[in-house]
Amino acid sequence: KLGFQYSPDVAIKIRNRSQQLLVNESYEQLVAIPLIPSSRLEIARKNAKKEVFVNHILIGSSGSYLGKPPNRTLDEAQALSQQIKNRFAGGENFSVLAKQYSDDPGVEKNSGSVGWVSWGTTVHEFQLAAFALEPGVLSEPVLTDFGHHLILVTDVRPSDYQHLDDEAYENYVVSVAKNSIRNQLRPAALKYDSL
């Protein structure tokens, strides 16, 4: 009604936006997707239709990505994690162990509860372990940049993505799997541009 289609400024903006969308889709298809290992796509397809309720105990070491990393070696953190796992297996309460040992800064408020986790929302090593666990089973220590995690899944439910049609679900899977190759995208795009 306002006649924007006749405005040169608007026409230029629409043309530029359309070209940018084409460029973005080209990079997606020709640069990003080929970098994603097929195994990452398969595991994302398998797990994106569910969510898990996660609890964890984080045992950091001096090199961990924590605000205040504890003064312990990686081996000491591994050993402490195994001791805590053994205590849990002996019947001790997970929340009590979390409050006593976890280096997660939020443990005093959440007693080790992370909450409902969707595929693609945590670091890869953590999600691989969490989504492979049966409810009630405590994981072996899982090493990430934050430290050693003892992961306890207490419930599983379907995610909202279970209702997507096949094409939309596949687009979501690619998007989530692409998170694992973020650090490779820029160099790959520069190489593509050079060709």
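Student: Which residues have the most contacts inside the largest nonpolar core?

Tutor: This is a predicted model, in which local features need pLDDT of at least 70, side-chain atom pairs count only at pLDDT 80 or more, and totals for chains, interfaces and linings use all residues. Residues are numbered from 1 along each chain as its sequence is written, and side-chain values use heavy atoms, with hydrogens and water left out. A nonpolar core is a set of buried Ala, Val, Leu, Ile, Met, Phe, Trp, Tyr and Cys residues joined through side-chain atoms within 4.5 Å; buried means under 20% relative accessible area, exposed over 50%, and partly exposed in between (1.4 Å probe, protein chains only). Here the largest core has 25 residues, and V52, V54, A130, I151 and V153 have the most contacts inside it.

Student: Which element gives the largest share of this core?

Tutor: Helices (H or I, at least four residues) and strands (E, at least two) are DSSP runs, numbered from the N terminus. The largest share, six residues, comes from α7.

Student: How do β1 and β4 pair?

Tutor: Two strands pair if DSSP finds at least two bridges between them. β1 and β4 (residues 147-158) are antiparallel, with 10 bridges; E51 stands opposite R157 in β4.

Student: How many residues lie between β3 and β4 in their hairpin?

Tutor: Two residues lie between them. These strands run antiparallel, joined by three bridges, and L143 stands opposite H148 in β4.

Student: Is Y65 buried or exposed?

Tutor: Y65 is exposed, because its relative accessible area is 56%. Y65 is placed in the loop between β1 (50-59) and α3 (74-89).
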